[in-house]
Amino acid sequence: MIRAENITKKFKSGDSEIIAVNDVSFEVKSGEFISISGRSGSGKSTLMYQMSLLDHPTSGEVFIDDKRVTNLSNEDRTIVRLEQLGFIFQDYALIPELTAIENVMIPLLMQGLTKKEADSKAEESLARIGLGDRLHNLPSQLSGGQQQRVSIARAIAHEPKIVFADEPTANLDSETSDIVLNHFLELNKAGQTIIMVTHEAEYASLTDRVLTLSDGKIVEDVRNPSRK
Amino acid sequence: MERTKRRISTLATSLSVGWFLALRQVRRSSIATTVLIIFVMVLTFLNLVVVRGILVGIIQGSTDVYKTGYAGDILITPLPKKDSIENSPSILATARALPWAETVTYRFVSAGTVEANYKTKLRETDEPNSAIGSIVGINPIIEDEATNLRSHIVEGEYLTLEDSESIIIGANFFRKYLDIEAPGLSLLEDVEVGDMVRLTIGQNTKELRLKGILQSKVDQVDFRMFVLDTTLRSMAGQKNFNVDEISIFLKPGSDPEIVKAAMLATGAGDFANVQTWEESLPKFLLDIKDTFGLLGNVVGSIGLVAASITIFIIIFVNAITRRKFIGILKGIGIDSRAVEFSYVLQAFFYALIGIGIGLAILYGFLVPFVTEHPIKFPFSDGILVAEIPNTMIRAAILMVATVIAGYIPARIVVKQNTLDAILGRK
């Protein structure tokens, strides 16, 4: 499904160079739910940004369904993100002027769906994560957990191949975090491939596989025997 | 081919998504900010149109009264080196027979002197109380019908057909109305309506009663003295009926150019100088009109630049504060053109509403009000000139400037790195 080959990401900091991700290679199979774990500054989010085409690696390649995507133009990378990837950010990343349903509709409209089709699909997606009664609320009228669920609905509405979640529970209390994680598990059960960055071992342990990063390198790649 | 098709389809979708975003951003933005931006747009539009309109209107007011109070739509004057319009009766008859003609008035003009203290002056060397100027012989009924001359009487009364012993004089011959000193300028002093004055034309003199004083903003009224046509002709010893000026006033909607052509087709051009009122305008007036128009354009352009910068700053601040959300939109796969288009549409919306309100104020209030209550300038009653085609051109210029001012900052922000925008990195 998605394969990283020798991904390296370096940053300049004054005269020195920081290697955030150091020659990382791994593959995620279709339907897998993996977590990328590690301490703060270990390079887990940076790795996710390279994988999800939000950033350009310094070297290395990313393949989606065996098609190289790291060499694509910005325009084509945007199209790949739109059509094949879904994103969930730590701070929900909803557009404040758009209601819950409009936030979910935006990528659908960009995919060329009519307003009616997008509206229907967005409503279905929100209902799926239990926000069917909050369709027309602005983000400011929703709690943090509800906003994150809208963000999940937006990420899955267009049925992407892979959903990337960057610390999706970092800003939530434990009860709400559990709800969000349960949604991920349900989505994965339905066949959705999910790559989640988290520093919380408790949530990482719920996924099929845990990649642990330290100083930009994968130091552990553990499969969860209790899953699948 | 397939790629081009896809690009076109993506562009169309981007425009549609841009519209979706813009509509919601405008609808849910702060009312105070929206009102402020629209207010700036209204002021800019009015500045663009009204400043020039008033500057041009100062001269337009002057040329308008020149037309209505003197020249008419067509002014016929003697050919160069001729004292009067030859064959005048025939030309007058032709003019009156024109289907477009409403009123045709004629004037005999001669140089003359009016003296007030001729009875009390003891010696030839005594300072004369006199004024030298154009003496105009008119039919007071026809002239009033054409130019509404009667309405300019500020003291005394207008002439009647029986007033062969009377004169009415323009206010600029009286010191009390025109208190200036200039070489060669002599003005009448302490002369009141009812006083006797002596008119001299050539070698002939005649005592006349000052029946009225005229004041308007038409030099051809204020700097002239009027007597009956019969009085002037007898004093000038004129046997024929060749006049010096013929003013043709046309029915509303008639085209002076067509009437001029019709007059020339009758051969009138062989005996007289046939001009439309605009052609007969003194050149300095046209030059001033052009100059004021240019000044208005300069002032308006400065306003346009100021408004463009204002819109640029507003959109730039808006886009910068929303940099993170722009990054998120790009991150989730929204085409950057959709985001740019949403900002362009917002700018377009502000311009459209601002111009719409500006047009309503302009044509619903300002133009009718200033037409009804002209701005009183010393030399004219200034009106607000706002021809619709001219106004529309300015509206289009403002629209384009605003859209560009909205696009540039949006483009600057959208071009930034997506991940940096999402993470708030510089």
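Begin by selecting A:V163 and A:I194: A:V163 stands opposite A:I194 in strand β8 of chain A. Strands (E, at least two residues) and helices (H or I, at least four) are DSSP runs, numbered from the N terminus. The model on screen is predicted, so local features are given at pLDDT of at least 70 and side-chain atom pairs count only at pLDDT 80 or more, while totals for chains, interfaces and linings use all residues. Residues are numbered from 1 along each chain as its sequence is written, and chains are lettered from A and ligands numbered from 1 in the order in which they are written.

**Stop 1: strand β8 of chain A**

Select residues 193-197 of chain A, which form β8(A). Of its 5 residues, 5 are buried, a residue being buried if 20 or more other C-beta atoms lie within 10 Å of its own, exposed if 12 or fewer, and partly exposed in between, with C-beta atoms placed from the backbone. A:T193, A:I195 and A:V197 point one way from the strand, and A:I194 and A:M196 the other way.

Strand β7 (residues 162-166) of chain A runs parallel to β8(A) and is joined to it by 5 bridges. Strand β3 (residues 33-38) of chain A also pairs with β8(A) in the parallel sense, over 4 bridges; here A:S35 stands opposite A:M196.

**Stop 2**

**Stop 3: A:I195 and the cores**

Return to A:I195 and display its contacts, defined as residue pairs whose C-beta atoms, placed from the backbone, lie within 7 Å. Not counting residues up to four places away in sequence, A:I195 touches A:V28, A:I34, A:I36, A:M48, A:M51, A:I162 and A:F164. A:I195 is also among the residues with the most contacts inside the largest nonpolar core, which has 123 residues. Such a core is a set of buried Ala, Val, Leu, Ile, Met, Phe, Trp, Tyr and Cys residues joined through C-beta atoms within 7 Å. Apart from this core lies another, of 58 residues, including B:L75, B:Y106, B:F108 and B:Y158.

**Stop 4: the four-stranded sheet and helix α1 of chain A**

Select next the open, antiparallel sheet of 4 strands, ordered β2-β1-β4-β5 (chain A). Its edges are β2 (16-28) and β5 (67-68) of chain A; each has a single partner strand, so one side of each is left without a neighbour in the sheet. Helix α1(A) packs on this sheet, touching β1 (2-13), β2 and β4 of chain A, and its direction makes about 120° with that of β1(A). Colour residues 44-51 of chain A by burial: 8 of the 8 residues of α1(A) are buried, so the helix is largely enclosed by the rest of the structure. After α1(A) comes A:L53, with a positive phi near 65°.

On β2(A), centre the view on A:I18. A:I18 counts as partly exposed because it has 13 C-beta neighbours inside 10 Å. Beyond its neighbours within four places in sequence, A:I18 is in contact with A:K10, A:F11 and A:S13.

**Stop 5: chain B**

Finally, select the 20 residues of chain B that are in contact with 17 residues of chain A. Helix α1(B) gives the most to this side of chain B, with 7 residues. To finish, colour chain B by domain: domain 1 covers 10-65 + 285-423 and domain 2 covers 80-270, with bounds from an automatic or database domain assignment. Taken over C-alpha atoms, the centres of these two domains of chain B are separated by 52 Å.

Methods:
Pairing = 2+ DSSP bridges. Contact = placed C-beta atoms within 7 Å. Axes fitted to C-alpha atoms, helices over the stretch in contact; angles between N-to-C directions.
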